[in-house]
Amino acid sequence: MSHSSVGLVKTQFFTFGDAKNPLKLRSGATLEPVIVAYETYGKLNPKKSNAILICHALTGDAHAAGKHSSKDKKSGWWDSMIGPGKTFDTNKYYIVCSNVIGGCSGSSGPNSIKPNTKKEYGVSFPVVTIADMVDVQKRLLEFLDIEHLHSIAGGSMGGMQVLEWAVRYPDFMDSVIVIASTSKLSSQSIAFDAVGRNAIISDPHWNNGNYYKMKKQPNHGLAIARMIGHITYLSNLSMNKKFGRRLQNKKTLSYDFSNEFQVESYLHHQGSVFVERFDANSYLYVTKAMDYFDLSEEYGSLKKAMKRVLSKVLIISFSSDWLFPPEQSEEIIKACLSVNKTVFYTKIESSYGHDAFLLETKRLTKLIKNFLNGIQ
Amino acid sequence: MVKKSHWLYRNYDIIESLILPNSSVLDLGCGTGDFLKLLKQKRNIHCQGVEIDETKIVQCIKNCIPVIQGDLDEGLRAFQSNSFDYVLLNQTLQMVKKPELVLSEMLRVGRKAIVGFPNFGHYKIRWHLLKMGTMPVTQDLSFDWFDSPNIHLLTIKDFRNYCKSKNYKILDEFFLMREKANSIIHLAPNFLATEAVFLLER
């Protein structure tokens with residue numbers, strides 16, 4: 001384990017809500033009990049003023065840094081940014097990251113057991129929104145005795161949660177960091193999500209969401225959804241650089257429909273790895289939550305939403321990100337400026353597409369470290 | 001009143017003297033944010049910077065100066081009309097691709113605009129061109145023609161004429177002469193001044 005790692009960590013669980021006091025969701029439905037999987041790194045200082053909440057993206061989880069066992073090949077999903085001396089310096093800050101509800105990595109979701117049934121929820125799990133995810137995170141923080149956050153940060157869908165936090169609970173944090181995100185998805189992005197969901201739903205093994213006890217799972221549909229997702233996370237340029245028109249393990253065309261091109265083989269691999277760690281129903285729920293997210297609708301207009309913000313706002317976009325394009329970040333900036341909010345914005349020139357938020361570590365570090373240092 | 005700091009930075013002193021306490025200031029091409037930081041301390045301004053260079057943006061963030069990344073040649077779309085008391089553009093007008101757009105945008109967003117630029121009408125520049133027949137390279141304009149970021153060079157007279165043609169009101173003007181340690185001069189500015197600072201209003 002390298003010296004800049006948080007080392008071995010454990011996912012913990014917090015449960016709240018009962019029949020008398022369930023969690024009320026935006027849809028009008030209720031949920032109880034609510035289980036929240038979370039991890040923490042670093043130490044909460046006596047003044048409880050050094051906590052930072054990290055919000056994960058679509059397929060992320062509570063395991064943001066370190067390893068669960070020394071045998072783990074991979075570290076948490078944002079290990080490059082969280083640890084001693086890193087951007088989110090665990091020598092200084094107390095970092096909290098939790099799995100969103102509707103997810104499949106320990107928090108309540110469609111693959112959780114429904115009370116009094118011994119069966120998984122499947123699609124009887126209520127539809128959740130970004131605001132619901134945020135409310136659950138707030139309950140977790142209260143349980144952890146955190147009444148105020150130094151900052152909240154997240155990329156992509158994580159950035160949506162950060163924005164919801166900043167608008168919904170404006171005095172709960174000093175600053176927010178929104179990376180490669182948006183105040184609402186464009187029609188194009190919703191369309192990609194819809195195709196992904198359709199791939200899952202039309203898989204015969206999906207079986208209306210009741211597949212958990214079956215021999216066969218809707219792996220095929222989920223893999224296709226992931227393949228589509230992956231195309232949207234890269235840019236034309238980065239894909240061309242990475243694969244070009246190269247063939248996988250051969251030099252001549254075979255004139256059939258096998259996975260010949262490297263890019264085909266890559267997508268296939270991404271799909272098959274993904275089904276090992278992600279639940280098809282969760283993919284439906286979490287993408288739906290993203291599609292529903294719209295700050296301007298929730299608060300009348302984006303301007304009205306941003307008017308509520310009290311924290312310092314840092315927004316970062318990436319030039320080649322066409323899934324969450326810079327213009328969408330600039331819209332948020334424009335709304336902030338129109339109501340005299342303190343904003344910091346930069347568009348990082350990068351060819352990595354949407355994935356840049358996980359790859360441009362060095363440049364993100366420079367921006368975010370200085371931003372966090374400047375927050376009183 | 002104009003204060004005495006290092007003479008090289010006299011243009012900053014002039015700009016500072018033009019800005020009323022507790023006003024709002026938008027600095028275009030704000031660089032590392034050092035000047036806004038100074039204005040914040042001395043004039044208690046509400047400030048915002050626009051900068052194109054990522055490494056300078058990092059410095060602004062370090063300086064706790066709110067900054068957004070932007071290209072002035074794309075206008076000031078992010079900003080509403082009349083949203084700042086002053087919009088500053090110091091030593092940058094001659095570098096933008098669309099000076100007309102930048103000036104009109106400055107006066108849309110700001111109630112007043114402050115523009116500082118090197119004077120291409122300065123006698124040494126005229127003499128250099130006349131005598132050598134090559135593009136002048138001076139301390140203020142220290143680039144060869146082929147790698148110069150200064151693509152819209154202008155004289156004080158050019159600027160005055162332009163403001164007149166656009167009905168931009170010149171509320172105040174200052175002319176600095178490098179040969180006299182950047183002291184303010186009044187006589188024959190288009191011939192003697194190395195640098196000018198204008199305060200404009202629509």
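Predicted model: local features only at pLDDT ≥ 70, side-chain atom pairs only at ≥ 80, totals over all residues.
Residues are numbered from 1 along each chain as its sequence is written, and chains are lettered from A and ligands numbered from 1 in the order in which they are written.

Chain B has seven helices and eight strands (DSSP runs, H or I of at least four residues for helices and E of at least two for strands, numbered from the N terminus). The radius of gyration of chain B is 16 Å, close to the 17 Å that the globule rule gives for 202 residues, so chain B is as compact as a globular protein of that length. That radius is taken over C-alpha atoms, and the rule is 2.2 Å times the number of residues to the power 0.38. Along the principal axes, the C-alpha atoms of chain B fill a box of roughly 45 × 35 × 35 Å.

Between the chains, the contact takes 17 residues from chain A and 13 residues from chain B (two residues are in contact if their C-beta atoms, placed from the backbone, lie within 7 Å). On the side of chain A that touches chain B, helix H10 (326-338), strand S14 (343-348) and helix H12 (361-373) each supply at least two residues. S14(A) gives the most to that side, with six residues.

Elsewhere in the description of chain A, A:Ile231 lies in helix H4 (residues 219-233). A:Ile231 and A:Gly353 are 122 residues apart in sequence and 9.8 Å apart in space, C-alpha to C-alpha.
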